[in-house]
Amino acid sequence: MRIYVIGSEGRVGTYTLPYLQERWSVVAPPLAELDARDRNALFASVERAAPELVINYAALTNLLQCEHEPDYAREINAEVAGNVAEAARRVGARLLFLSTDAVFNGAKGFAYTEEDEPAPINVYGETKRRGELRIEEKSEDWLTLRIGWLFGGTQTGKFPDFIVRLARERDKLQVVDDRYGSPMRMEDLTRIILGVVPRSELSGYIHVANPGEPPNRLEFAREILAAHGLEHVELEGVTSDHFGEKVPRGGYLGLDISLLESLGLAPADDWRAAVRAEFGAGGGSGADR
Ligand SMILES: NC(=O)c1ccc[n+]([C@@H]2O[C@H](COP(=O)([O-])OP(=O)(O)OC[C@H]3O[C@@H](n4cnc5c(N)ncnc54)[C@H](OP(=O)(O)O)[C@@H]3O)[C@@H](O)[C@H]2O)c1
């Protein structure tokens with residue numbers, strides 16, 4: 001199979017690309033060569049590659065930057081998503097897109113299924129939802145995976161990295177306990193992506209995560225610290241108001257993964273085991289395991 005990848009230099013792209021390349025013939029132009037905002041260049045490049053599948057990882061994922069630069073966020077998360085969907089349709093290719101739990105408002109109080117109506121409350125979520133809708137409009141054969149708290153792979157600047165760094169400097173940490181989400185280990189996400197690529201019958205939305213009751217940030221932090229041998233650091237639960245967060249975020253963004261499970265694609269490790277496997281002694285062993 002021939003696969004065309006956009007956004008391959010980001011976090012998910014960098015991690016998954018070698019696995020895709022091992023199995024299939026992959027064309028993945030770097031951003032310096034192809035900016036997907038340039039529709040004509042994108043269409044020509046995709047036509048030349050003549051792929052059967054297009055994977056779009058391109059996004060603006062910095063939540064604060066999205067709030068400050070909503071037009072730019074819309075351009076990348078919505079317009080580019082539409083351009084890529086159109087480029088895929090023109091060559092008769094299937095499209096794989098990654099989206100986010102942030103398309104929901106977090107007010108439901110229990111895990112979101114694929115049938116729940118999105119209602120984003122921040123610019124990132126709103127622009128990603130627009131991207132999802134552009135894809136529905138422009139593509140005839142698409143699969144969108146919605147992800148929550150992605151961890152593993154390159155951690156720099158992300159929650160686990162942040163919490164471990166603070167825990168090495170202090171005896172006590174305050175962590176919010178009123179925000180819930182579904183952790184997703186990069187290695188397991190990679191297995192899911194490798195699993196859906198050949199299954200051309202799969203389309204629509206699928207929520208993806210490691211199994212287990214969605215934790216709050218404090219519970220997630222506790223497991224991350226334990227895996228690093230930092231369980232002695234005292235954790236105090238606080239509400240999100242305490243830090244005066246700059247980006248509005250939903251309270252409960254757990255994802256229901258029943259559909260993923262019914263397709264036989266759910267990771268074997270629940271999120272606690274996945275955290276231990278990622279950060280515990282020995283670390284990750286790669287998606288080939
Ligand atoms: N990471 C998470 O926790 C998470 C959670 C849920 C969903 N997702 C979704 O998963 C997908 C991949 O996320 P990620 O973490 O890999 O994001 P990322 O690290 O921000 O990577 C996105 C990539 O897209 C590139 N890009 C931006 N504008 C582009 C353009 N006009 N043309 C071509 N490429 C462009 C970026 O380049 P520059 O960096 O140079 O701008 C970057 O390399 C995204 O759709 C994201 O919304 C991620």
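Reader: In which loop does alanine 50 lie?

Author: The model is a predicted one. In it, α2 covers residues 39-49 and β3 covers residues 53-56. Alanine 50 lies in the loop between α2 and β3.

Reader: Does alanine 50 count as buried or exposed, and what is its phi?

Author: Phi of alanine 50 is positive, in a residue other than glycine, and is near 45°.

Reader: What is the order of the strands in the open sheet?

Author: The sheet has six strands, with parallel pairing. The twist averages 25° from one strand to the next. The order is β2-β1-β3-β4-β5-β9.

Reader: Which strands stand at the edges, each with a single partner strand?

Author: An edge strand here has one side left without a neighbour in the sheet, because it has a single partner strand. The two in question are β2 (25-27) and β9.

Reader: Why is β5 said to be largely enclosed by the rest of the structure?

Author: In a regular strand the side chains alternate between the two faces of the sheet. On one side of β5, Trp142, Thr144 and Arg146 are buried, and on the other Leu143, Leu145 and Ile147 are buried too. Strand β5 (residues 142-147) is therefore largely enclosed, the count of buried residues being six of the six.

Reader: How many bridges pair β4 with β5, and which residue of β5 is the partner of threonine 100?

Author: β4 and β5 pair in the parallel sense, over six bridges. The bridge partner of threonine 100 in β5 is isoleucine 147.

Reader: Which helix lies across β4, β5 and β9?

Author: The helix runs at about 170° to β5. It covers residues 186-196 and is α7.

Reader: Is valine 103 buried or exposed?

Author: Valine 103 lies in the loop between β4 and α5. Leaving out residues up to four places away in sequence, valine 103 touches Pro118, Pro120, Gly125, Lys128, Arg129, Glu132 and Arg146. The cut-off for burial is 20 or more other C-beta atoms within 10 Å. Valine 103 has 27 C-beta neighbours inside 10 Å, so it counts as buried.

Reader: Which element gives the most residues to the shell around the ligand?

Author: There are 22 residues around the ligand, and Gly7, Gly10, Ala59, Leu98 and Leu150 come nearest. The elements giving two or more residues to this shell are α1 (11-23), α4 (70-90) and β4 (94-100). The one that gives the most, with three residues, is α1.

Reader: How many residues of the shell around the ligand are nonpolar?

Author: By class, the shell has five polar and five charged residues. The nonpolar residues number twelve.

Methods
Residues are numbered from 1 along each chain as its sequence is written. This is a predicted model: local features need pLDDT of at least 70, side-chain atom pairs count only at pLDDT 80 or more; totals for chains, interfaces and linings use all residues. A residue is near a molecule or strand if its C-beta atom, placed from the backbone, lies within 6 Å of it. Helices (H or I, at least four residues) and strands (E, at least two) are DSSP runs, numbered from the N terminus. Ala, Val, Leu, Ile, Met, Phe, Trp, Tyr, Cys and Pro count as nonpolar, Asp, Glu, Lys and Arg as charged, and the others, Gly among them, as polar. A residue is buried if 20 or more other C-beta atoms lie within 10 Å of its own, exposed if 12 or fewer, and partly exposed in between; C-beta atoms are placed from the backbone. Two strands pair if DSSP finds at least two bridges between them. Axes are lines fitted to C-alpha atoms, for helices over the stretch in contact, and angles run from 0 to 180 degrees between N-to-C directions. Two residues are in contact if their C-beta atoms, placed from the backbone, lie within 7 Å.
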